[in-house]
Every structure is written in C-alpha cells, then in structure tokens.
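Welcome, and please take a moment to look over the model shown here.

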Amino acid sequence: MSKRPEHKLLFDGADWDFNTLKATYDAIEDIAINEMHLDVYTNQIEVITSEQMLDAYSSIGMPLMYHHWSFGKRFVRDDVMYRKGYQGLAYEIVINSNPCISYVMEENTIGMQALVMAHAAFGHNHFFKNNYLFKQWTDADGILDYLQFAKRYIAKCEDRFGFDAVERILDAAHALMDHGVNRYSHPEKPNLAVELERERERAKYEDETYNDLWRTLPQAEEDNETQDEQIRRQRMEQRRAQFGLPEENLLYFLEKNAPGLQSWEREILRIVRNIGQYFYPQKQTKVMNEGCACYVHYHIMNRLYDKGLISEGAIMEFIDSHSKVVFQPEFDDQRYSGFNPYALGFAMMQDIHRICVAPTEEDRKWFPDIAGNNAPIPTLCDAWAHYRDESFILQFLSPKLMRDMKMFMINDHASAPHLEVGAIHDDNGYRNVRRALARMHDLSVREPDLQVVDVDLRGNRQLYIAHTQHDGIRLDKSEAELTLGYIGQLWGYGVTLQAIDNDSGEILHETHYTPSDLTSS
C-alpha cells in the first residue's frame, strides 16, 4: 500500500484568511490546468456574506441587475426561509462571463472554499467556455457591460416615464421571457443578387421543361378553390413572408412590430429577451453542467489529498458535502422529485471514466468508440463541448448505469385502466429507457411551443399565436389566459391563441383576447 507523500498542508482546521485562500486556489489551478488540461476563462473569486448571497439569488444570480419588485419578493422569501432553518444557501454562484466570477460565502470553512473553487471556478468555468451552446448563444466577454447598460437604461426610464409604466412593461416581458429566445439559428438575410439569379435559373428550367400537354390534364380539387379563397391565401402568404413568420421568439416579434410601443418600451423588451437568451443554454445543459463540475471537483479534491496537501479531516468534510449534493432519493422517499441532475450528471461522468479505463464486454458492444481508450478526461472534454442534456443521455447512458440507478419505464396512458411496464433490463428495454429519459430533457417537449403564425396589420390588427400540442397535452387554462393577456398588453390589439394538433395540423380550439375581455371557443 503506497503512502501519501509528506507535504505541508495547505490548511489545517476550518478557519482561513486570504493568503490561505490564495495558496489553495493555486494548488487547485495547478491540477485543473496542468493535470486535467481544462480550458477556462480567467477567474475572479469574490467572498460575500450570506445576505449578499441571498441578494444574488433574488436577481437571478447576476452581479449587476436592474430593479424589479419580483427580485425583492424573492429576497424576502428566501431570507425568512434561511433564518428559520427551512432551507440552506447554495455553496456558490458562478457567472458565465469573462473573467468568470465565482461567489463564495465568507461563512464557509476553508475545506468548503476549496470544494467551491474546484466546482465553480474550474468545472463550470470550463463548461461555459467550451460547450457549443454557450459559444453560439452567449457573449461571455460582453455580458457584464451589457448588464451595466441595462441597469442604467431602466433606471433612466423610471426617472423619465415613472416606475409604474416601466414596471408594466417589465412584468409582461418577464412573463414572456421563456418564449423570448431563439431556439434555432435564423437563416441568413436574403441577398438580392442571389435571389435574382435563383429566379433566372427557375425561369430557365421551366422554359426547358415546358410541355403544353400538361395544360389538358384535369385540375386537382385544391385548384378549384374560389377566387376569394385564393386571394385570402395569397395575402396570408404575403404577410407571413413580410414578417418572417412563423416566429418562435415572441418578444422579438413584439419588439419589432407591436404598433403602439414606444422606442424605450421596445428597448426594454430587447434587454429582457437578451437576458433570457443568455440563460437559455443553461436550461438545456443542467445535467451536463453540474455533472462536469462535480466530476472536476471530485477529481481535484482527491488529487489534493493524494498529494498530501489536505488532511484526512478535510477529505472527510469534502466527502460529506459531496455525498449530499449527489444524493438520489428513492422513488418512495418524500424528498423524491425526479432524477437529481447532480446525481445523474456525476454518475454519467464517472461511468464514462470507467468505460474508458476498465470496460466490460457489454461496454465494448455499446460504446465501441470510447471503450478502453484510456483517455477519460479527453473523452469527457469532447462530450462537454459537443452535446446538450438530451443528446448526451441518448449517446452515453449505459446499461450498467441504468441497472445501478434501477431505471425502467412505465407507460401511463389516460385512456388505459392500468399502468404498463414499457421497458425492462434487456437490450430493447435499455434503448427505450434511454430514449425516454433523453426526451424528458428535451426543452421542445418540456416547454410549450408557441409561435406567431399570422398578423393583419392592414385590417383589424389581429395577432395569431399557435400552440402545437404534442401527445394531447394542453396548456393550463389559467396560465394560457395570463400569458395571452401579457401578449395582448404589449401588442395593444386582439390576439388569438390557436391550439393545433401536431399530427393532423387541425385547429383544436381557440382562445381570443381583446383589450377588454378574454373568450374561448
């Protein structure tokens, strides 16, 4: 049995000062950069009080944020719960910015500070910098400057137009924030020269392939529509082309096209949707992001112990905190609320490590590209960069981990009198369980699909929003009416929400909003 090397401990006990904190950070950085070869933004560690941590909670974790009543409400609620002992505080908050800001509480022990710095300043930091969703949708270099601009701008609007007027716009924008993001890359703007060339090629092709015999064939039924129907369809298609419909980003559409909004109101919508877009990748990568950070802190803390830099007491404190974070309650436990993303993410990272260094025959069958490659950290870094939760689970969840976590699938159909076990532990069952779990992390399934599909600015200015229903799941009536009310408030005219069946395309029902009432049909 090998003995740990004798080195001077970085710390002994729970107390710390800034020299101890700096020495501990340097040792962690050496392992993260020189041993694990992580690629991170420059770190900025800020020590804050518990009250400041609560304040950061309330303003969605951002160091600079404009004022809104909901932030104060959240602060009061969390403060009361914390002081009565009903809930604890997060060990850390980390900001996806360059430099990457990590908040640590001054009340933490030095062992906890080491865990937090390994977890946030290197685990989350590496994920933020390298994952493709964050690279595509967020600007780490500019977010802090933008938040400073947003805070100043909204404060000026409050001074000039009044708190009530600004709050009215912010309330509506916050309510629609989840529907104010771009989920897919938008196509490039049309290029006139390219469009003209395409039109010439199309005309040339029609001339070369024209045959007058086609004119004598019977017309299909859809060609026999009335002239009025043709005109209506043409006008609708023209409107859709003019406004680039359908449009998934409701706040963007309202910012650009709402007839009655003033310029400062449009700018506030832009601020809120930009902040919503900043957080959008985090919603798609919760399992991966936390799994990455837990894997990194677990590796680093164990390496600190192996190198003789922390004591047995420190590693035991770490194991206790780590175990609480990655604890997965059983299905019949009162604390159960689905899979803990920390538990699932860390388990998958550890399992990929195992497959890379000690694969079984089953692993070689399921993961031939990585099994036994003896490169666990490069394999994980590649996965962290190129996947989101849905695709990561679909690609890397192994049969062994499904067995270890006792996963199986139950079909629960409202029309069936009994539950049905839909997948067990065999090859087909593993694939079905993996697909089902991946689908649970697909935002297109978890969040309503609302899109602007038509608008008649030259007529009655009615705005049409389509909700595509999947698997017969309808919007909650009260929530739908509230959302429709906020859209109508910003639009200023009538709004119609259409529920459309995903399979048939049939309009199932409509909810109508006018500035004075709300009706359904």
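## Helices α12 and α13

The axes of α12 and α13 come within 10 Å and cross at roughly 165 degrees. Axes here are lines fitted to C-alpha atoms, for helices over the stretch in contact, and angles run from 0 to 180 degrees between N-to-C directions. The angle makes α12 roughly antiparallel to α13; under 35 degrees counts as roughly parallel, over 145 as roughly antiparallel, 65 to 115 as roughly perpendicular and the rest as oblique. In its crossing, α12 passes α13 in a left-handed way. A crossing is left-handed if the near helix is turned anticlockwise from the far one by less than a right angle, and right-handed if clockwise.

Which residues of α12 and α13 meet? From α12 come C294, H297, Y298, M301, N302 and Y305, and from α13 come E312, I315, F318, H322 and V325. Contact means heavy atoms within 4.5 Å. Sorted by class, the contact of α12 with α13 has seven nonpolar, three polar and one charged residues. Ala, Val, Leu, Ile, Met, Phe, Trp, Tyr, Cys and Pro count as nonpolar, Asp, Glu, Lys and Arg as charged, and the others, Gly among them, as polar.

## How to read the model

This is a predicted model, in which local features need pLDDT of at least 70 and side-chain atom pairs count only at pLDDT 80 or more, while totals for chains, interfaces and linings use all residues. Residues are numbered from 1 along each chain as its sequence is written, and side-chain values use heavy atoms, with hydrogens and water left out.

The protein has 21 helices and 10 strands. Helices (H or I, at least four residues) and strands (E, at least two) are DSSP runs, numbered from the N terminus. Buried residues make up 43% of the 521 residues in the protein, where buried means under 20% relative accessible area, exposed over 50% and partly exposed in between (1.4 Å probe, protein chains only). Of the contacts between residues at least 6 apart in sequence, 71% join residues at least 24 apart.

On the α1 side the contact is made by A27, I28, I31, A32 and E35, and on the α12 side by H299, I300, R303 and L304. By class, this contact of α1 with α12 has six nonpolar, one polar and two charged residues.

Helix α13 (residues 312-325) packs with helix α4 (residues 110-130) at an angle of about 55 degrees, with their axes 9 Å apart. That makes α4 oblique to α13, and their crossing is right-handed. G111, M112 and L115 of α4 make the contact with E317, F318 and S321 of α13. In this contact of α4 with α13 there are three nonpolar, two polar and one charged residues.

Is A383 buried or exposed? A383, found in helix α16 (residues 376-386), counts as buried at 1% relative accessibility. Not counting residues up to four places away in sequence, A383 touches M288, F392 and F396. A383 and N131 are 252 residues apart in sequence and 8.7 Å apart in space, C-alpha to C-alpha.

Helix α17 (residues 389-396) has D389, E390, F392, I393 and F396 as its buried residues. These pack against α11 (263-284), α12, α14 (341-357), α16 and α19 (427-440). F396 has a relative accessible area of 8%.

## Aromatic pairs

The structure holds 15 aromatic pairs. Rings of Phe, Tyr and Trp (its six-membered ring) pair if their centres lie within 6.5 Å; planes under 30 degrees apart count as stacked, over 60 as edge-to-face and the rest as tilted. Y387 and F396 form an edge-to-face pair, 5.3 Å centre to centre with 75 degrees between the planes. Elsewhere, F127, F128 and F134 form one aromatic cluster.

D454 lies in strand β6 (residues 450-455) and is buried, with a relative accessible area of 10%. Leaving out residues up to four places away in sequence, D454 touches M236, R239, L245, Q462, L463 and Y464.

Q469 lies in strand β7 (residues 463-469) and is buried too, with a relative accessible area of 5%. Leaving aside neighbours within four places in sequence, Q469 is in contact with R474, A499, I500, D501, N502, L508 and H509.
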